[in-house]
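Q: Could you walk me through some helix packing and ring contacts in this one?

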Amino acid sequence: MDFILKHILTFIIFSPLLGIALISLVPRKYEEGVRPVALFSSILTFLLVVWVWLRFHTDGFFQFREVISWVPSLNIYYHLGVDGVSLLMVALTSILTPLCVAGSWVEIKTSRKEFYIILLACEIGLLGAFCALDLFLFYVFWEVMLIPMYFLIGIWGSGNRIYVSLKFLLYTLVGSVLMLVGVIALYLKSGNSFNMLNLGIVALPKNVQIWLFLSFAVAFAIKVPMWPFHTWLPDAHTEAPTAGSVLLAGVFLKAGAYGFYRIAMPYFPEAVEYFRPLIFILATVGIVYGALVSMVQTDFKRLIAYSSVSHLGFVILGLISLNPEGVSGAVLQMFNHGVSTGALFLLFGMLYGRYHTREISDYGGIARIAPFYSGIFIFVGISSLGLPGLNNFVGEMLTLIGAFKAKPVFAIISATGVIFAAVYMLWAVERVFFGKIKSEHVKDMSAREFVTVLPLIILIVLLGVFPNIAISRISDSVENFILYAKRSVIDTQESGENVIVPIYERKEPEIILPEMKMNEEVKSEAAPGEEKYSDPVDTEETTDVETESGKQNDENSGGPTEVEQPQTETQEGQ
Amino acid sequence: MREILYHLLPAVSIVGAILVIILAVSWFKRIQKEAFVILAVAGICLSIWFSWQGWLGGIYFKDSLFPSMVIFDKFSLISFIILSIASILTVLSSYNYLIGNNLRVAEFLVLILSSLFGGFILASGTNLIMIFIGLEMLSLPAYILAGYDKTATSGEASIKYFILGAVSSAIFLVGVAFYYGATGTIGLFETINVVNRPMILLSMTLIFAGFGFKIAAVPFQWWTPDVYQGAPLPVTSFFATMIKAAAFIVFYRLFLAFYLFSEKDVVTLITVMAILTMTIGNLTALFQEDFKRMLAYSSIAHAGYMLLVFTFAGVNPAQAKTALLYYLVSYIFMTGGLFTLLTHLTGKGNENTEISRFAGLSKKNPYIAFVAAVLLLSLAGFPPTSGFFAKFYIFKGVFEAGHTNLVIIAVINSLISVYYYMRPIVSIYFKQESGPSFEETDEVYYSTLGVVTLSLICVILLGIVPFKILTIVGM
């Protein structure tokens, strides 16, 4: 027992292996029997995660850590640990997987054994990527999650599945292979270390940061997907089986956002500063574009897919705002989107199982045929468009507040995404559930189907009413993220004046790193002609400069301690 | 004298096995054919054991009987083990094929073992004449093996391989002559006073060209697809694994020797060769319909990745050695495993190996389908298989040496390769059976099944716990 407690994360990550082993032992004659086995295994994983969730200290850094040397000659460790955000993502994965199993109960009729094995293998990759604290390990899990999803779409998908699965694989791989170059480069540049706790503490030169950031960010942007890298997503979502769509929308996309949160942004602060306007633009374009394109979709699954592009735009917008509101909102939005969109895909899977069409125009008046089902669907749809009181509202609201504090213009444009969301979702609901009855009569939701979505509905309400159960766990992690990612970014002060007249253009970005600062001081001492800081009396801007230099001094004195703080915490954790 | 013999035991046990098999086949007419296979495997295993003992003992055979001709250091001994493993895979996978096609078993094994012995000489030679002898020992049985099937395509493959092989040997010899002319010696790593630079460059180019044929590096790769396709399957596996590994091992020695003379030129030459080999191999493989041909081009591409090792071998020889040997081990299991799997599927005679024939395999034979998928994914470089780690190690080394662009070219190449490695997987898992596919037989070929399973286990284990093998290989 003690052993299990010490290696709880390993047990969580590899607990699906137990299911895989048991499933492969079931003879093909009794293939239907694999479903309860898979369900049992995924619920076991979920229970372990619940245990960790309850034991998680809200006041800590990375917890439940395990460090085992893996490849000593390359300094690669099997290093696991969770902070609030990873835990939230692990929880999301472990909640959605049993529901995927339940959702495919009758949908999958061919090679059930392989299906559940692949589903559980996918879970291993996802859980591992969220728990890994070693960059090499992270990369391995990052790739491990990819292959099962490829098979899931390719074997059990519909329509153009072979083309779509290959498109999904190649698109994602373009990012991954470039990321591999980035991983190797980061490893060599930071003293042959893959330790994600120490990487990025010592900032690299700016041009190196920019290239490394690009190599990571493209990989994550494809996965998220950020506009304009999103084109694989609608195809993959549409052709995937229900379980595949749920996992894709629910967790896969979050892996990309998590990559931004954990790796790309905290490690390369100067690159973040450099690319920040671009990311703001891409996120905003993604939000509006995704929402507008959703509106004109005729295929329901495609509609949900494009709405994901829009929702994930909010996540990126929140992350790049780099203030507590925005980032917590983004993390919450990651979880909420997983819950709501997962529920939408599960529910639509039920409808698809009855009518075998995805065209919105083929439906009509479902509310009169299946009132109970329609009620639940509309409830989830409303949560997805961000009705106050339900989960998505909290995330979107916080994100927009954060974005408004950072760059009001983008926040204002992005807010239209919320309106468009209401338009496309309500319009689609109207066309499918109301109006003339176009479809034949079928059974309403069965008890099994209701139980499948019940956990998600509970979460939708719970997180809408008490978002604090999640926020309290992520706040430390978020603070830490901002501390790192915002090292080179100086935002406008958060006073009322600045909100009214925002100063969002800055000529010279200030670098607050202690070593850099010292270098500059040495330079200025060496060349007295270029005394910038000591002799700023040129024009009327004196007051401005004074405040700025005052700020610099503050940061200069505060800088080193701030940077060192996580290190000490790390040591305590060890 | 005794000590010398003791050190020579790895090679002696191979020669012993050859002699015993030759004698047994001519003395006992009615001997079971399995006995030959057991003899051959026993001989190779004995050789592995002796090599391993020598490796552990750390006493090298050098300078005593044949001064500066061969050296049995740790590198040579570990190379012996790698070459032996590749040969064992071939021997085991060939048995069913030979019986099924009514071919002679004993002669086949003798040829394989002779070629292996040639590989040993190559791997341990420190003298260009020794290396030439090893090269011929390695190649001559291979020419016969390519035509062992006695079918038209097999004969064509044999002739093609022979003519081009002879040309490459000749080029190599001319290179040796220039080397002698430039330095006044034919030993590698000897202190040389007078160096004629243009002549040594010419010699280097010629010698590398000669070995370029053996490792199928561009622009000397033309024979590969035809020979790989025409030769009997186990022989193709032998070409792709053992012969390629032997050539790469000696290439490493030659490279280090030439690096002493002109570091810049060697690296430039190899870099260009590596880029061309990877790119052309991968791009051509995209359009192959035949699985054997696809694997042939894939082996060209992998030769390109392995050539990357030499871009940093001069700067960091220890790491380059580790990377090369680890890649070779992993490559032997991946490619050898896939060829054996193909032998397992085609069974008797059925030599048509189009990719479309894999359709529906996942239903008929889930285990073999799974192994094929894992091996192909490993070739494509997905973690947690050995193929990924091998590539990672090489890329890391290249990056460390400062060739960032080269790494980017290499990863883009491995991205391209994913497309064609996925095609058989698509066929196996995603497509329904339509048209001709591999016949089902009631017989179970245990030897091929064993090799396939071994490859699967090794590919996964090497990927998950690579550190043991890295330390062994790196010493």
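Predicted model: local features only at pLDDT ≥ 70, side-chain atom pairs only at ≥ 80, totals over all residues.

Q: How do α4(A) and α19(A) cross, at what angle and within what distance?
A: The axes of helix α4 (residues 84-103) of chain A and helix α19 (residues 447-465) of chain A come within 9 Å and cross at roughly 160°. Angles over 145 degrees count as roughly antiparallel, so that is the label for α4(A) relative to α19(A).

Q: Which residues make the contact?
A: On α4(A) they are Ile95(A), Leu96(A), Leu99(A), Ala102(A) and Gly103(A), and on α19(A) they are Arg448(A), Thr452(A), Pro455(A), Leu456(A) and Leu459(A). By class, that contact has seven nonpolar, two polar and one charged residues.

Q: And what is the handedness of the crossing?
A: The crossing of α4(A) and α19(A) is left-handed.

Q: Switching to rings, how many aromatic pairs are there over all chains?
A: The structure holds 68 aromatic pairs over all chains. In one of them, Phe115(A) and Tyr116(A) have ring centres 5.1 Å apart and planes at 90°, so the pair is edge-to-face.

Q: What about Trp142(A) and Phe220(A)?
A: Their ring centres lie 5.3 Å apart with planes at 80°, so this pair is edge-to-face. Trp142(A) sits in helix α6 and Phe220(A) in helix α9 of chain A, so the pair ties together parts 78 residues apart in sequence. Both Trp142(A) and Phe220(A) are buried.

Methods
Residues numbered from 1 in each chain as written. Chains lettered and ligands numbered in written order. Heavy atoms only, no water. Axes fitted to C-alpha atoms, helices over the stretch in contact; angles between N-to-C directions. Helix = DSSP H or I, 4+ residues; strand = E, 2+ residues; numbered from the N terminus. Parallel < 35°, antiparallel > 145°, perpendicular 65-115°, else oblique. Left-handed = near helix turned anticlockwise from the far one by under 90°. Contact = heavy atoms within 4.5 Å. Nonpolar A, V, L, I, M, F, W, Y, C, P; charged D, E, K, R; others polar. Phe/Tyr/Trp six-rings, centres within 6.5 Å; stacked < 30°, edge-to-face > 60°. Buried < 20%, exposed > 50% of the residue type's maximum accessible area, 1.4 Å probe, protein only.
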